[in-house]
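Here's a quick tour for anyone meeting this structure for the first time. Have a look at it below, then read on.

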Amino acid sequence: GVGLLYFSGHGIQIEKMNYLIPILPVNTPCTEEQLKPLAINATKVLKQMQDANTRVNILILDACRYDLTRSYQKGFSLNTGFAPMAVSQPTKPILFRGPGGLMDIDAPHGNIISLATAPGKKASDGDKNNGLYTESLLQALKTPGLTIEKVFKQTATEVAKASNYQQI
């Protein structure tokens with residue numbers, strides 16, 4: 001089978017780990033330590049997907065947002081988006097040649113991890129109902145006959161163009 005998790009919302013990097021943030025009231029002041037038990041550790045999600053023994057797991061995270069550090073600024077160290085995903089062995093290097101050049105990411109064999117932007121960067125919320133990444137992904141998914149690899153490559157290309165190569 002195939003495992004798929006798509007998450008769009010807020011995310012933050014705490015101590016080089018990626019966390020997906022559930023909906024909280026805006027301007028709720030809290031510290032990183034108070035937030036960690038409420039957040040979802042993205043690496044643990046990937047591990048659970050691997051433990052399900054599916055042939056392929058697809059993890060799509062459109063969760064690197066500018067607004068989070070503004071909303072929860074009190075008590076948070078400002079960060080610059082998600083960290084590279086730390087995953088278990090065995091790993092197989094994935095090479096992606098996009099508009100911004102070459103990026104090597106170690107991902108477990110049989111897993112596809114797609115972030116809205118490069119590790120350490122922030123993603124744009126865009127000016128529509130969805131973030132820039134999700135808007136581009138939805139358009140690519142509507143294109144008949146594309147393989148999953150081509151869907152993500154087309155998405156990456158469109159995001160780069162639409163952001164004037166600020167979001168890769």
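## The sheet

Strands β1 and β5 (residues 56-62) run parallel, joined by seven bridges. Strands here are DSSP runs of E of at least two residues, and helices are runs of H or I of at least four, numbered from the N terminus. One spot to look at is Gly3, whose bridge partner in β5 is Asn57.

Zoom out and you get an open sheet of three strands, ordered β1-β5-β8 with parallel pairing; two strands pair if DSSP finds at least two bridges between them. β1 (2-8) and β8 sit at the edges, each pairing on one side only. From one strand to the next, the twist averages 5 degrees. Angles run from 0 to 180 degrees between N-to-C directions, with axes being lines fitted to C-alpha atoms (for helices, over the stretch in contact).

## Ser114

Ser114 is found in β8, which spans residues 111-115. Is Ser114 buried or exposed? Ser114 counts as buried because its relative accessible area is 9%, and buried means under 20%, exposed over 50%, partly exposed in between (1.4 Å probe, protein chains only).

Leaving aside residues up to four places away in sequence, Ser114 touches Leu59, Ile60, Leu61, Tyr133 and Phe152, where contact means heavy atoms within 4.5 Å.

## The whole protein, and how to read it

The protein has five helices and eight strands. Of its 168 residues, 39% count as buried.

This is a predicted model, where local features need pLDDT of at least 70, side-chain atom pairs count only at pLDDT 80 or more, and totals for chains, interfaces and linings use all residues. Residues are numbered from 1 along each chain as its sequence is written, and side-chain values use heavy atoms, with hydrogens and water left out.
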